[in-house]
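The sequence and structure come before the details.

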Amino acid sequence: MSSDVLATLVPQPVSASARPGSLALPAQVGIWRDDGAAAAADLLTIELSRATGLRFAPAAREAAQIVLHSDGDSGEHYRIEIDERRASISGSPAGLIHGVYTLRQLLPAANWRAAPLPGVAWNLPACLIEDRPRFGWRGCMLDTARHFSPKQTILRFVDLLAMHHFNRLHLHLTDDQGWRVEIKAFPKLTEVGSHRANTGLGFAVSATEPHDGTPHGGYYTQDDLREIVAYAAARGIIVMPEIELPGHARALIAAYPEFGCLPDEPVDVGTYFGISRDLVNPLPHTIAALETIFEELLTIFPSPWIHVGGDEAPLERWRDSPAIRAHIASLGLPDAEAMRTWFTAHFAEFLNARGRRLVGWDEIIHYGGLTPSSVIMSWRGEKGGMKAAQEGYDVLMAPVFPTYFDYAQDEGADEPLSIGQSVLLEDVYAYEPSARWPDKASFDKVLGVQCQLWREVILDEAHLEYMAFPRVCALAEVAWSETRDDFAAFRQRLAHHLARLDAYGVNYRPLAGPRPWQQGGAGRKAYQPRFNLKEALANLDQWAESGEPPAEHLAD
Ligand code: TNX
């Protein structure tokens, strides 16, 4: 074991210095921890005993090879000190979890396997590492609605995010193409809304484009989600659920047409993509139903943040419906835009009253009247985030470029299907959230950054991992590290880090390009970038002036 491993850590710690010697973990590892370090000690014991075959048992502090000490602080900092006798991790309770993952990076990559291999020496390099995150929110959004993944994939993803010191997993649980969360009061949401007859090929935006003819669906029971929440919490990750409203809600409307704007014209669960005209209506019976849905959701997710969507909601059906117009007038509101403000504010207050904060995509800032605790997720570039920050809201940065990992990783025709080209690894690594910010004071409102895995065209588990990795590794460093290398140095570090992903069995994109079986070929995963990123960004820049997407961009 050489101290070179210090030069392979991803994300890069604040400081890491080698010392002479190493610590060889014996077959019986003594572990000492204080009360505040219980969670970190449990995690270390569970993960390392499985992978190494070593036995971890409590020991007196002086005799222990691993010592975990909590300073009781609320931050996420930690410090690792290793000499020939012991490895000590100290820090805040949350920071200790990150310390455990860094310790795992110091061990042979085989510790990311699910069972011990013969002949691995479990040595740790003597060193001193001091570390803390740059941003408090280091997130990843997983779209489970467009293409569903079984629970096991989410748990696996939690492991991979935790490996990189992420602390938020945003689950996009509902959309036009599927409703993925069991709600006991409204069973049709999953009976009807969790599956569709088939799926449009590529990024099909109408029923007349070719479809695959194969049913698709699935959902998580409340207990599945509680399991995911607990599994993530043990690994330092809060799971934030998203229920998309009032747009991107066609699966809900398919299940319960009375919550849509055209109750006499039932719709099916969406099979193609793009921006739908179908919105939930803002009438009292729908608001009451949505409150019931959120009440159940809050029993599953202890997250202080609850995402209610808010993007891409054209208001024409609210404007055109006599019943909705009459309701808007009865509230004394001037128009559909004011109704939209009322709608978002209503759920913000509903959540506040239950000790939670509303998070929404940046369209919600356009309508004003938000409760001050609302958090804005800036996706249409960075403008929405800047505006929100200047108005005093907390902000999360999730701009299409470069945090949308449904865009291709490269421009080569050997890439698999993606929504468009390209968000390069280098683009992700170069992302500096503060670079274009007008003033430093409002940048303080930025809680952090997040990458997005939208799944219209991410078809299966292998494809998901391919699109995620190694770009997630680059974003981890944007989110965590105070200082960043130049890209060449990062790439070199990453080349070593990929051995950890190999040990875990991740289908990442190699730095040299896709392996033959990762390529799109000429079939259903053929590389057909539907969107030109530059055009998409120019469009979004225009949209960012408004709360609604222009009519010519609607899908049906
Ligand atoms: C825009 S991002 C959307 C999503 C799509 C995504 C595809 C956002 C808030 N809305 O519905 O999946 O583009 O990149």
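How far is an oxygen atom of the ligand from an N or O atom in the side chain of arginine 146? The distance is 2.8 Å, which falls under the polar contact rule (a pair of N or O atoms within 3.5 Å; within protein, one must be able to donate a hydrogen and the other to accept it, and residues adjacent in sequence count only if both atoms are side-chain atoms).

## Basis of the values

This is a predicted model, in which local features need pLDDT of at least 70 and side-chain atom pairs count only at pLDDT 80 or more, while totals for chains, interfaces and linings use all residues. Residues are numbered from 1 along each chain as its sequence is written, and side-chain values use heavy atoms, with hydrogens and water left out.

The residues around the ligand (a heavy atom within 4 Å) include Trp361, Trp379, Tyr404, Asp406 and Trp454.

## Salt bridges

The count of salt bridges is 39 (a side-chain nitrogen of Lys or Arg within 4 Å of a carboxyl oxygen of Asp or Glu). One of them joins aspartate 223 and arginine 226, with an N to O distance of 3.3 Å. These two are 3 residues apart in helix H5 (residues 222-233), so about one helical turn separates them. Helices are DSSP runs of H or I with at least four residues, and strands are runs of E with at least two, numbered from the N terminus.

## Backbone geometry

Most residues other than glycine have a negative phi, and most peptide bonds are trans. Histidine 248, also one of the residues around the ligand, has a positive phi of about 50°. Histidine 248 lies in the loop between strand S14 (238-245) and helix H6 (250-255).

The peptide bond from phenylalanine 401 to proline 402 is cis, with omega near 5°, and proline 402 belongs to helix H13 (residues 400-403). Glutamine 421 and serine 422 are likewise joined by a cis bond, with omega about -20°. Serine 422 is in the loop between strand S19 (420-421) and helix H14 (425-430).
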